[in-house]
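The following paragraphs lead the reader through a single structure. Please keep the sequence and the model in view while reading.

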Amino acid sequence: MARLPQTTPAPQPIMVFMPQTSSKDASPGQAPTTTTAAATATPAPEQSSSTTAATDATVRPPPFAQPKLRLEVRDLAHPGATRFLASLDAAQVLSTAVARVHSLLYRPDAADYSPPPTRSVTVILRDMGGVAYTTGTELDGDHKEIHVSLAYVAGVSPASRTAAEITGVLTHELVHCYQWNALGTCPGGLIEGIADWVRLNCGLSPPHWQKKAGDKWDAGYQNTAYFLQYLEERFGSGTIPRLNEKLRGKHYEEKTFWTELLGRPVDQLWKDYVKSLEGGSKGQAVDEATQTS
Ligand SMILES: [Zn+2]
């Protein structure tokens with residue numbers, strides 16, 4: 001329940017460290033073998049839009065199988081339930097978010113296109129602390145549950161941000177339904193950073209996020225997300241999908257992982273990133289007091 005100290009009125013958008021998705025539940029089902037999901041053949045590469053070009057569907061398989069999406073409201077009388085239902089069309093928001101997660105984490109034209117075989121996602125709105133977390137169901141890790149706090153939804157401030165905030169939280173959690181996790185050995189900070197990197201690239205970063213260097217590369221959440229964005233820009237579009245792919249089916253070992261992926265250790269890359277912030281983009285880099293350096 002890592003609720004981080006927060007200065008903004010809105011509570012921390014994503015809470016709990018959810019290794020569950022990754023380590024406990026998801027990985028046994030997900031990773032050990034190679035290609036689970038459909039075909040390597042190529043659906044049209046997409047931008048972030050949710051539309052999927054179906055023009056030559058005869059040749060290309062669908063870009064990915066949409067999971068069965070469910071919504072479960074455990075307390076309809078809760079103000080958070082009222083606000084959730086009034087603020088967004090859950091079916092539309094969820095299916096669009098799934099499509100975006102796919103388009104950002106997987107490149108359909110890549111030979112190694114192989115998302116996990118997540119078959120269903122159930123969003124459960126319930127009275128609980130924190131913000132949200134994702135887990136596999138007990139019986140089958142391919143069926144995911146995203147638990148969202150009704151109190152959190154009720155408290156999003158300003159209220160006009162409700163739809164954007166919920167969409168951002170759901171997008172973050174959906175990443176946990178579709179990312180690889182090195183058989184449960186990926187550092188939690190990297191798992192969370194990838195989730196927020198996707199959120200960032202969906203244009204759903206909340207106002208309190210700051211592009212600044214925290215004290216370490218794997219501090220997680222937006223701290224790591226902006227670092228990953230730096231890598232994506234420096235090493236080219238598709239870098240983070242490659243990183244995600246490299247987390248599939250084998251254990252994470254820091255030195256070899258980063259050296260094989262980008263030709264140098266992550267500490268070096270982090271130093272380069274910090275330097276780039278100091279040098280280039282001061283305006284946006286140092287708004288808040290930095291934690292350590
Ligand atoms: Zn998360």
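Q222 counts as buried, because its relative accessibility is 17% and buried means under 20% relative accessible area, with exposed being over 50% and partly exposed in between (1.4 Å probe, protein chains only). This residue is found in helix α7, which spans residues 221-235. Helices (H or I, at least four residues) and strands (E, at least two) are DSSP runs, numbered from the N terminus. Leaving aside neighbours within four places in sequence, Q222 is in contact with D196, H208 and W209, where contact means heavy atoms within 4.5 Å.

Some conventions apply throughout. This is a predicted model, in which local features need pLDDT of at least 70 and side-chain atom pairs count only at pLDDT 80 or more, whereas totals for chains, interfaces and linings use all residues. Residues are numbered from 1 along each chain as its sequence is written, and side-chain values use heavy atoms, with hydrogens and water left out.

The metal site comes next. The zinc ion is coordinated at 2.0 Å by H172 (NE2), H176 (NE2) and E192 (OE). Donors are N, O and S atoms within 2.8 Å of the metal (3.2 Å for Na, K and Ca); water is not among the atoms, so sites may look incomplete. Along the sequence, the donor residues of the zinc ion follow the spacing H-x3-H-x15-E. Distant parts of the chain are linked here by the pair H172, in helix α5 (residues 162-178), and E192, in helix α6 (residues 188-201), which lie 20 residues apart. H172 is buried, with a relative accessible area of 0%, and E192 also counts as buried, at 1% relative accessibility.

Attention now turns to the strands. Four of them form an open sheet in the order β1-β2-β4-β3, with mixed pairing. Its edge strands, each pairing on one side only, are β1 (68-73) and β3 (132-136). From one strand to the next, the twist averages 20°. Two strands pair if DSSP finds at least two bridges between them; β3 and β4 (residues 143-149) pair in the antiparallel sense over five bridges. Y133 stands opposite H147 in β4.

The mean pLDDT of the protein chain is 80, and 74% of its residues reach 70 or more; pLDDT is the predictor's confidence in each residue, from 0 to 100. Over residues 1-61 the pLDDT is below 50, and this stretch has 135 contacts in the model beyond near neighbours in sequence. Where pLDDT is low, the predicted coordinates should not be read in detail.

Conventions
Axes are lines fitted to C-alpha atoms, for helices over the stretch in contact, and angles run from 0 to 180 degrees between N-to-C directions.
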